[in-house]
Amino acid sequence: MREIATTIGKTTPLTAIITLPTNFDASKPAVLILNSGLMHHIGSCRLSVKLARQVADAGFLALRFDFSGIGDSPPRRGTRNFHDSSLEELNEVMNHLQKERGISQFISYGLCSGADASYEIAKRDSRIIGIAQIDAYAYTNKKWFIKRYLGNLLNPTAWLGLVERLTSRLSPVSTLGEEFYQTEDYQREHPSRDSVAAGLNSLVQRGVYIYNIFTGDTIEINYENQYRDIFSDVDFNGFLTLEYYEELEHIITSPEHQKLIPKKICNWVQMISASSEKTPIEISA
Amino acid sequence: MNPFFFGSSSQSLYGVYHSPNKLAMRDEGVLLCPTFGQEYMRSHRANRQLASSLAQQGFHVLRFDYRGTGDSSGYIEDVCVSDWLEDIETAINELRETTCVNTIHVIGLRLGGLLASAAARDSKLKIKQLILWDPLISGNAYDLELQDEISKGDSKCNVVDSDDTLHFNGFPLYKKMRLDLSEINLCDFEPQCKKIYHIVSSENENSNLLKSAWSSRDAYEYEHVEAPGDWNHVDQYGGIMLPQPILQAITHWLAK
């Protein structure tokens with residue numbers, strides 16, 4: 001395994017780190033590892049570095065990069081919003097790997113906004129054969145409400161929490177200079193459930209594998225198979241692998257999960273790569 | 001900006017070189033020593049801006065990651081403080097050799113300030129000016145600060161485990177690293193450099209201790225510039241911090 005720093009694009013290049021497996025094979029899909037919010041290309045708690053090294057050890061080229069204006073990639077001129085520019089830049093990155101390394105298939109991984117970008121590029125680009133998302137677009141449903149509110153009625157801790165929340169509203173709020181914090185210009189907006197259902201249907205029909213991991217910090221999800229319930233009108237046909245870790249924080253601070261998640265994603269990458277024909281099979285990560 | 005790996009191939013370090021504004025080019029290089037953990041994540045943008053701003057003033061600037069952190073080789077469990085001090089030396093040599101500058105200044109933020117000062121005990125490095133931004137004054141003070149944060153119980157992942165590894169906001173400090181760091185106390189030595197600029201975003205007991213210890217030095221300058229410095233904070237979305245007044249003060253001090 002070897003890591004190479006590179007730039008992609010000529011005038012205002014994107015900064016990328018290629019993790020090259022010892023026995024590089026261009027017929028295998030490359031794994032693209034995207035930014036999460038404003039975090040640069042090492043990823044939350046260095047998760048992207050660990051994932052890239054693991055997939056490279058398993059024989060896949062991994063590319064971590066910064067979208068323009070994030071991390072080590074300078075901002076590009078223009079008036080496009082993040083949604084449009086990120087898709088254009090992903091296309092540029094894939095073109096680069098296709099031209100320079102002869103790779104024609106890709107798997108895209110992302111957490112939060114990176115998960116959104118993975119889904120969006122997969123809808124538009126047939127070179128994407130799989131997406132791994134942490135805390136992807138999600139929506140509440142009836143069972144979520146029941147679990148969230150009815151379950152709390154008999155729970156004294158929940159009542160205590162409510163009192164704390166109400167009293168905290170009366171407490172002074174920190175006046176630390178907000179101007180010193182950079183907020184994302186990318187405001188995460190969930191598209192309608194129906195449009196995501198349509199998108200997922202199109203992905204599955206095309207044979208794109210989807211690996212969705214939800215953390216306990218995803219407000220819209222509070223039970224194990226909720227994603228399948230929300231999208232009960234999508235016939236995933238074995239292309240969806242779904243996991244929910246109630247105890248896990250959104251930025252993956254738990255040391256156990258920092259080991260577990262890259263390992264599971266790596267296993268999933270190996271399995272979908274091995275299934276050359278898109279036979280609907282339940283992939284177990 | 002030019003990203004690259006340098007150092008030995010088995011222990012390569014990731015760096016980003018910012019070339020100087022040709023109209024104002026100086027025979028001076030600046031090395032930025034980052035901090036660690038979520039602080040490193042939150043300050044990445046600030047470091048990039050500081051590097052760009054110094055390059056605009058004509059300095060050759062190198063940002064880099066220590067082994068086991070960021071994009072550099074290895075994993076945190078395999079490195080110790082002496083490796084990081086060696087990395088600072090490697091980065092200074094890289095900057096000196098690739099740009100041919102005669103003068104090197106080093107900027108260290110928080111843990112980077114502690115490490116840069118420790119590295120500067122070695123006069124061979126020939127650091128001219130040392131800029132310490134909200135420096136940790138000792139490894140023990142850092143440990144106590146993190147333990148105090150852990151005791152607030154904001155996250156169940158913030159713990160000191162049975163192996164004495166301190167886990168804070170998703171980054172571990174192993175026992176060996178904690179012990180190594182506990183041997184560094186800025187009040188006990190003076191870095192070998194011509195001048196020290198100690199800049200803080202907020203004054204506290206530790207910053208005052210260091211000020212008292214070093215104020216008798218001829219070339220010690222202290223400044224308090226009001227700006228956010230809640231380095232232990234973490235949010236769900238990787239919110240980053242840009243304390244512009246500090247970045248401007250450092251740039252101004254170095255460029256004057």
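Predicted model: local features only at pLDDT ≥ 70, side-chain atom pairs only at ≥ 80, totals over all residues.
**Where the chains meet**

Let's stay with the two chains for a moment. Chain B puts 43 residues into the contact, and chain A puts in 41 residues. The size of an interface is often given as the accessible area lost when the parts come together. For chain B and chain A that comes to about 3300 Å², with 56% of it on carbon and sulfur atoms.

Now for the charges. Side chains of opposite charge can pair when their charged atoms come close. Over all chains, the count is 25 salt bridges.

**A pair inside one helix**

Another salt bridge links K123(A) with E120(A), and here the closest N and O atoms are 3.3 Å apart. Both residues sit in helix α3 (residues 113-124) of chain A; because they are 3 residues apart there, about one helical turn separates them.

**How the helices pack**

| Helix pair | Axis distance | Angle |
|---|---|---|
| α1(A) and α8(A) | within 9 Å | roughly 40° |
| α2(B) and α3(B) | 9 Å | about 75° |
| α3(A) and α6(A) | within 10 Å | roughly 55° |

Start with α1(A), which covers residues 47-57, and α8(A), which covers residues 255-274. Their crossing angle of roughly 40° makes α1(A) oblique to α8(A). The crossing is right-handed. On the α1(A) side, the residues in contact are L47(A), K50(A), L51(A), Q54(A) and V55(A), and among those they meet in α8(A) are I261(A), P262(A) and I265(A). Sorted by class, this contact of α1(A) with α8(A) has 7 nonpolar, 2 polar and 3 charged residues.

Next, hop over to chain B. Helix α2(B) spans residues 81-99 and α3(B) spans residues 111-119. With an angle of about 75°, α2(B) is roughly perpendicular to α3(B). Here V81(B), W84(B), L85(B) and I88(B) meet L111(B), L115(B), A116(B), A118(B) and A119(B). What classes do the residues in this contact of α2(B) with α3(B) fall into? There are 9 nonpolar residues, no polar and no charged ones.

Last, go back to α3(A), the helix that holds K123(A) and E120(A). Its partner α6(A) runs over residues 193-206. The two helices, α3(A) and α6(A), are oblique to each other, and their crossing is left-handed. Y119(A), A122(A) and K123(A) of α3(A) make the contact with residues of α6(A) including V196(A), L200(A) and R206(A). By class, the contact of α3(A) with α6(A) divides into 5 nonpolar, 2 polar and 2 charged residues.

Definitions and conventions. Residues numbered from 1 in each chain as written. Chains lettered and ligands numbered in written order. Heavy atoms only, no water. Axes fitted to C-alpha atoms, helices over the stretch in contact; angles between N-to-C directions. Helix = DSSP H or I, 4+ residues; strand = E, 2+ residues; numbered from the N terminus. Parallel < 35°, antiparallel > 145°, perpendicular 65-115°, else oblique. Left-handed = near helix turned anticlockwise from the far one by under 90°. Contact = heavy atoms within 4.5 Å. Nonpolar A, V, L, I, M, F, W, Y, C, P; charged D, E, K, R; others polar. Buried area = accessible area lost by both parts, 1.4 Å probe. Salt bridge = Lys/Arg side-chain N within 4 Å of Asp/Glu carboxyl O.
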